[in-house]
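This report describes a protein model chain by chain and contact by contact. Please consult the sequence and the coordinates while reading.

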Amino acid sequence: SVREILAELTGRKGGCAKGKGGSMHMYAKNFYGGNGIVGAQVPLGAGIALACKYNGKDEVCLTLYGDGAANQGQIFEAYNMAALWKLPCIFICENNRYGMGTSVERAAASTDYYKRGDFIPGLRVDGMDILCVREATRFAAAYCRSGKGPILMELQTYRYHGHSMSDPGVSYRTREEIQEVRSKSDPIMLLKDRMVNSNLASVEELKEIDVEVRKEIEDAAQFATADPEPPLEELGYHIYSSDPPFEVRGANQWIKFKSVS
Amino acid sequence: MNLFQSVTSALDNSLAKDPTAVIFGEDVAFGGVFRCTVGLRDKYGKDRVFNTPLCEQGIVGFGIGIAVTGATAIAEIQFADYIFPAFDQIVNEAAKYRYRSGDLFNCGSLTIRSPWGCVGHGALYHSQSPEAFFAHCPGIKVVIPRSPFQAKGLLLSCIEDKNPCIFFEPKILYRAAAEEVPIEPYNIPLSQAEVIQEGSDVTLVAWGTQVHVIREVASMAKEKLGVSCEVIDLRTIIPWDVDTICKSVIKTGRLLISHEAPLTGGFASEISSTVQEECFLNLEAPISRVCGYDTPFPHIFEPFYIPDKWKCYDALRKMINY
């Protein structure tokens with residue numbers, strides 16, 4: 001939920017990883033989280049897909065990574081395993097055209113990310129069109145569920161802000177480019193226009209949703225700043241799974257923390 | 001110059017003096033995430049300063065390839081936390097090349113630079129200090145500077161050293177303070193620790209950012225306890241200067257080692273073990289290690305995790321009263 005995400009960013013105990021993970025480490029039921037090393041999650045996804053297949057509950061695994069991470073070796077290892085063992089894994093490359101500061105042309109010998117799976121069929125999808133993404137995912141999920149093995153999807157999208165707090169976002173591209181995408185291809189704007197033009201919703205109804213969403217975010221932001229930080233005792237928790245709790249050595253021989261999990 | 005500027009200066013000197021030198025890594029072309037390579041691409045051309053795709057294992061392997069042919073490879077790993085995909089290349093390939101080929105081949109002209117250490121908001125994957133993992137590997141050198149002047153001299157020595165070197169740059173110090181740094185190249189010898197402050201009662205050893213912490217602890221000890229501390233910056237983690245540390249401990253009889261990395265298996269354990277072997281009868285108190293906790297580097301708990309001056313001071317006091 002929005003509250004949990006914002007609280008995790010500010011390191012509060014209401015956050016989705018109890019405040020211990022921070023921005024790269026959001027977790028939830030069936031959402032196995034973000035990783036420090038981008039690309040490390042792809043073999044993980046293949047593993048989860050194996051579990052899905054094994055459990056026979058008709059589940060699939062969606063494994064997402066970016067255009068920057070697409071150049072990591074372990075992704076190709078995962079492609080090979082998934083194809084070999086016909087794992088129900090949907091590999092999704094979110095191509096926002098920049099790996100932090102490096103544009104795709106300067107980082108990749110082939111920017112056809114949907115073809116990088118080689119022996120895995122790939123789809124190129126317009127990531128800015130919500131309905132397009134929905135249909136493509138529907139197709140991909142059906143494909144995987146039919147037992148044909150993995151499939152790759154490249155979502156072509158864009159990033160407005162910088163990659164992180166230390167990246168201004170404008171030293172490697174022009175403001176005009178960002179403005180152009182924002183005004184012509186913004187997904188929310190495109191959907192709004194489509195709905196209004198086909199009389200599926202009125203401008204007022206959409207404004208109401210806007211107001212509601214803004215309020216929800218405001219509340220979440222309030223929560224994120226007001227919620228207390230996790231207590232200091234939790235510093236040592238959840239390192240190992242151990243019963244009974246063991247002691248964690250601290251900064252010097254007189255500081256010890258209890259580790260519970 | 002401040003620390004990142006002194007690194008730029010060192011790289012500038014290297015590229016000027018050595019026509020085979022190349023710099024590569026993630027985002028180095030525009031200047032790097034910490035501005036360490038600003039201006040170098042414009043000055044030396046895009047075939048000498050270039051970006052790599054996001055693949056640490058590939059970066060180091062590629063660097064080893066360049067170095068084996070005799071050219072000088074200066075690779076940047078964007079954060080020390082990301083060095084682990086390259087761990088195999090460093091430990092199994094780079095470190096052992098000369099040994100396993102009977103000195104027929106070597107990748108000595110490889111230097112890997114990487115921002116290191118806690119920075120206040122880095123959380124789990126932008127704050128690690130992995131020097132202990134590499135200390136366990138014969139064949140490479142690991143160097144960590146404490147200041148702009150030290151950084152330039154040590155980096156130039158690493159680049160010129162005929163062994164693969166890892167140069168960790170404390171990221172919190174990049175902009176921390178400025179010092180007078182000569183524009184011309186100069187070298188600071190590797191594997192030599194520096195006694196920054198002489199003393200007679202306790203020896204304090206650290207490297208990188210932590211040197212500044214123990215320096216403050218030394219003045220606190222002088223002021224509040226009348227204790228005179230000898231402060232040593234280890235500078236090169238491996239091969240480390242055993243003689244300087246032992247000579248100091250023989251004089252003072254007490255040793256405190258401090259680092260941000262976790263306590264168990266941290267480099268302080270190697271120093272502690274060797275010193276007690278060499279100077280057993282000179283020790284007045286057990287050797288004290290003030291280090292990070294045995295947990296992954298925390299997100300919100302960082303101020304409690306790091307071995308700050310109070311924890312060091314406390315350990316020092318207990319050692320004095322032993």
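## Overall form of chain B

The model is a predicted one. For a chain of 322 residues, a compact globule would have a radius of gyration near 20 Å, and the 19 Å of chain B agrees with that expectation. Along the principal axes, the C-alpha atoms of chain B occupy a box of roughly 60 × 40 × 40 Å.

Chain B contains 12 helices and 12 strands. Of its 322 residues, 61% count as buried.

## The interface between chains A and B

In the contact between the two chains, 35 residues of chain B meet 40 residues of chain A. Together the chains bury about 3,000 Å², and carbon and sulfur atoms account for 64% of that area. Three residues, L54(B), Y293(B) and F301(B), supply 22% of the area that chain B buries against chain A, more than any other three residues.

On the side of chain B that touches chain A, the elements giving two or more residues are β12 (288–292) and α12 (309–320) of chain B. Of these, β12(B) gives the most, with five residues. By residue class, this side of chain B divides into 21 nonpolar, seven polar and seven charged residues.

H299(B) is placed in the loop between β12 and α11 (302–305) of chain B. Its relative accessibility is 17%, so H299(B) counts as buried, the cut-off being under 20%.

Leaving aside residues up to four places away in sequence, H299(B) touches E8(A), L9(A), G11(A), G19(A), K20(A), G21(A) and G22(A) in chain A, and A123(B) and L124(B) in chain B.

## Helix α9 of chain B

Helix α9 of chain B spans residues 242–252, and its buried residues are T244(B), I245(B), C246(B), S248(B), V249(B) and T252(B). The cover over these residues includes the strands β7 (194–197), β8 (202–206), β9 (229–233) and β11 (255–262), together with the helix α10 (267–279), of chain B. After α9(B) comes G253(B), which has a positive phi near 85 degrees.

## Salt bridges within the chains

Side chains of opposite charge can pair when their charged atoms come close. Over all chains, the structure holds 23 salt bridges. In one of them, the side chains of D58(A) and R145(A) meet at 3.7 Å, N to O. D58(A) lies in the loop between α2 (41–55) and β1 (61–66) of chain A and R145(A) in helix α5 (residues 130–145) of chain A, so this pair ties together parts that are 87 residues apart in sequence. D58(A) is partly exposed at 47% relative accessibility, as is R145(A) at 43%. Also in chain A, a network of salt bridges links D112(A), K115(A), R124(A) and E154(A).

In chain B, D233(B) and R146(B) form a salt bridge whose closest N and O atoms are 2.7 Å apart. D233(B) belongs to strand β9 of chain B and R146(B) to the loop between β5 (141–143) and α7 (148–160) of chain B, so the pair ties together parts that are 87 residues apart in sequence. D233(B) is buried, at 0% relative accessibility, and R146(B) is buried at 9%. A further salt bridge joins D103(B) and R98(B) at 2.9 Å, N to O; here D103(B) is partly exposed at 49%, and R98(B) is partly exposed at 30%.

Technical notes
Residues are numbered from 1 along each chain as its sequence is written. Chains are lettered from A and ligands numbered from 1 in the order in which they are written. This is a predicted model: local features need pLDDT of at least 70, side-chain atom pairs count only at pLDDT 80 or more; totals for chains, interfaces and linings use all residues. Side-chain values use heavy atoms; hydrogens and water are left out. Contact means heavy atoms within 4.5 Å. Buried area is the accessible area (1.4 Å probe) that two parts lose on being put together, summed over both. Helices (H or I, at least four residues) and strands (E, at least two) are DSSP runs, numbered from the N terminus. Ala, Val, Leu, Ile, Met, Phe, Trp, Tyr, Cys and Pro count as nonpolar, Asp, Glu, Lys and Arg as charged, and the others, Gly among them, as polar. The radius of gyration is taken over C-alpha atoms; the globule rule is 2.2 Å times the number of residues to the power 0.38. Buried means under 20% relative accessible area, exposed over 50%, partly exposed in between (1.4 Å probe, protein chains only). A salt bridge is a side-chain nitrogen of Lys or Arg within 4 Å of a carboxyl oxygen of Asp or Glu.
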